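Me: I am new to this structure and would like to learn how to read it, one feature at a time. Please give me the general idea of each feature before the case at hand.

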Amino acid sequence: MLNLSSDSWPDREHELKLDRLKLQWPARAQLVAMDASLRIYQSYCEAMQELSLVIAELLGMSLAGDRKWYREFFEDGKAIARCNYYPPCKQSELTLGTGPHADPNAFTILQQDEVSGLDVFTGGRWSSVPPVPGALVINVGDTFEALSNGEYKSCLHRAVVNPDKERRSIAYFVSPRLDKVIRPPPELIAGVDGDGNGDRRKFPDFTWLQLLEFTQTRHRVDDETLRFFVDYLRSAPGAN
């Protein structure tokens, strides 16, 4: 942490006196607390990683396929855990904690505190998802929509702020390995589509890295990311 005392601001000639800046290292007690926090964070991520494989297996069972297929698909996957903090805002109707979007990854495991703030768009309107003690929220993302051949739809959601209370949440974003090809299991695409083709795929093959780069360089994450990404893939030279 860089400690800027009052006499280290620019003088009358607007020159920053760098020699007056002092580097202040954390005290031992702070380091111990940081180490304990990191251990808790690591344990939480390890638990979520195992839970994500169970969820993948349950999703596979719901699709009437091989219950192990999705679990094995994500066993070498990647994930990011993010801690969110939303301060209170007296004019909460004028701001959003996070704007409307669908997650581009496979699915997200969300832990909320006791303050409401998650909204999902369903039935043509926004509906609140109130926190339930001991429960986790699972949001399906764009990658799993493609991986299920559209049987599951990515969840359009947003985070709103509370006028009086701060809100915290932990989001664990589950994704496949960067270079893994996103293609549904055979039983979901076998058969003949409306055009007489030999499969019923609704999405072209792609990798998680391709979709990730698309969201970073070509199209911000929103409710139409997957559609624009598919159009982009199909318009590429050599695409089928």
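Me: Among contacts in the chain between residues at least 6 apart in sequence, what percentage join residues at least 24 apart?

Reply: Contact means heavy atoms within 4.5 Å, and by that rule 73% of the contacts between residues at least 6 apart in sequence join residues at least 24 apart. Please keep in mind that this is a predicted model, in which local features need pLDDT of at least 70 and side-chain atom pairs count only at pLDDT 80 or more, while totals for chains, interfaces and linings use all residues. Residues are numbered from 1 along each chain as its sequence is written, and side-chain values use heavy atoms, with hydrogens and water left out.

Me: How many helices and strands are there in the chain, and what percentage of its residues count as buried?

Reply: Helices (H or I, at least four residues) and strands (E, at least two) are DSSP runs, numbered from the N terminus, and the chain has six helices and 12 strands. A residue is buried under 20% relative accessible area, exposed over 50% and partly exposed in between, with a 1.4 Å probe and protein chains only; of the 240 residues, 36% count as buried.

Me: How should I read strand pairing, and which strands does E6 pair with?

Reply: Two strands pair if DSSP finds at least two bridges between them. Strand E6 (residues 118-122) is joined to strand E9 (residues 157-159) by three bridges, and the two run antiparallel; there, Leu118 has Ala159 as its bridge partner. E6 and E7 form a hairpin with two residues between them, and Gly123 in the turn has a positive phi of about 65°.

Me: What should I look for in a helix such as H5, and which of its residues are buried?

Reply: An α-helix has 3.6 residues a turn, so residues three or four places apart point the same way. In helix H5 (residues 208-217), the buried residues are Trp208, Leu211, Phe214 and Thr215. Seen down the axis, these buried residues fall within an arc of 125° (taken from the directions from the helix axis to the C-beta atoms), so they line one face of H5. The face turned away from that buried side carries the exposed residues Gln216 and Thr217. The buried residues of H5 pack against several elements, among them helix H3 (142-147), strand E10 (167-175) and helix H6 (225-235).

Me: How are aromatic pairs defined, and how many does a search of the whole structure find?

Reply: Rings of Phe, Tyr and Trp (its six-membered ring) pair if their centres lie within 6.5 Å, and planes under 30 degrees apart count as stacked, over 60 as edge-to-face and the rest as tilted. The search finds 11 such pairs. One of them joins Phe73 and Phe74 edge-to-face, at 5.3 Å centre to centre with 75° between the planes, and both Phe73 and Phe74 are buried. Ring pairs link Trp69, Tyr70, Phe73, Phe74, Phe107, Phe144 and Tyr152 into a cluster.

Me: Where does the charged end of Arg158 sit?

Reply: A charge sits over a ring if NZ of Lys or CZ of Arg is within 6 Å of the ring centre and within 35 degrees of the ring normal. The charged end of Arg158 sits over the ring of Trp126, 4.4 Å from its centre, and that of Arg227 sits over the ring of Phe228, 4.4 Å from its centre.
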